[in-house]
Amino acid sequence: MHSLDFDISHMLAGGLVLISFMMLYQDRLYSLLNVFALHALVLALSVAWQAFVQDAPHLYVTAAIALVFKAIVIPVALHRIVKQLGIHRDIESAVGIGPTMLAGMGLVALSMVLMLRVTPEADPLAREDLAFALSVVLLGLLVMVTRRNAVSQVVGFMSLENGLVLAATGAKGMPLVVEISVAFSILIAFIVIGIFLFRIRERFDSVDVSALDDYRGERR
């Protein structure tokens with residue numbers, strides 16, 4: 001692989017990690033949804049570049065799915081859900097921004113050390129892309145853990161899945177049928193989550209998951 005190809009691949013994968021940190025920093029729902037759309041756009045660019053570098057045309061389908069569904073359809077739909085449900089625009093965090101960002105940096109460092117040590121004989125590009133991908137996955141989990149709003153937890157889940165796609169494409173791609181099945185699984189999960197949010201809103205007049213804890217406490 002030429003040095004330029006290598007550098008561009010790293011720049012796009014590193015950009016995903018940086019945008020994951022931007023999601024951790026957001027305290028407004030609309031801003032979080034916009035950052036997630038940017039996250040999906042960079043993922044689409046990264047997958048398309050991998051398709052070019054690996055000469056794997058089927059990865060262009062993965063890039064198109066990420067661009068259309070994750071960068072456009074899902075963020076627009078979530079914007080409409082937030083507006084229709086009248087969800088509180090501020091995001092309540094279980095942990096402050098400062099400790100959350102420090103935890104994120106620790107997770108990224110852990111990802112780098114872990115992947116570079118367990119894959120010493122792997123292709124350099126695949127090995128380092130896997131390290132970036134694991135960082136994105138762990139930061140997505142951190143978003144889910146530190147946010148109390150159900151919509152922001154959905155965004156964390158989808159950013160986590162972006163990291164899985166990055167890992168799969170960086171490791172010399174995956175079969176097209178797997179990519180399509182993953183895309184449909186995410187779409188179905190998004191539909192189910194949308195219904196779930198409406199039901200939470202109808203029952204508790206809020207999508208703050210702490211309301212569920214209060215309800216369970218009352219039942220006890």
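**Helix packing in a predicted model**

The crossing of α1 and α4 is right-handed, a crossing being right-handed if the near helix is turned clockwise from the far one by less than a right angle, and left-handed if anticlockwise. This is a predicted model, in which local features need pLDDT of at least 70 and side-chain atom pairs count only at pLDDT 80 or more, while totals for chains, interfaces and linings use all residues. Residues are numbered from 1 along each chain as its sequence is written, and side-chain values use heavy atoms, with hydrogens and water left out. Helices (H or I, at least four residues) and strands (E, at least two) are DSSP runs, numbered from the N terminus.

Two packed helices are described by the angle between their axes and the distance between the axes. For α1 and helix α4 (residues 97–118) the angle is about 155° and the axes are 10 Å apart, where axes are lines fitted to C-alpha atoms, for helices over the stretch in contact, and angles run from 0 to 180 degrees between N-to-C directions. That makes α1 roughly antiparallel to α4, since angles over 145 degrees count as roughly antiparallel, under 35 as roughly parallel, 65 to 115 as roughly perpendicular and the rest as oblique. In this pair, Val-17, Phe-21, Leu-24 and Tyr-25 of α1 meet residues of α4 including Ile-97, Met-101 and Val-108, contact meaning heavy atoms within 4.5 Å.

Helix α1 (residues 3–25) also packs against α2, at an angle of about 165° and with the axes 9 Å apart, and the two are therefore roughly antiparallel to each other. The crossing of α1 and α2 is left-handed. Among the α1 residues in this contact are Ile-8, Leu-12 and Ile-19, which belong to a set that meets α2 residues including Phe-36, Val-42 and Trp-49. The residues of the contact of α1 with α2 divide into 15 nonpolar, six polar and one charged, with Ala, Val, Leu, Ile, Met, Phe, Trp, Tyr, Cys and Pro counted as nonpolar, Asp, Glu, Lys and Arg as charged, and the others, Gly among them, as polar.

Helix α2 itself (residues 29–54) has 26 residues and reaches 37 Å from its first C-alpha to its last, close to the expected 38 Å, a span taken as 1.5 Å times one less than the number of residues. Just after α2, Asp-55 takes a positive phi of about 55°.
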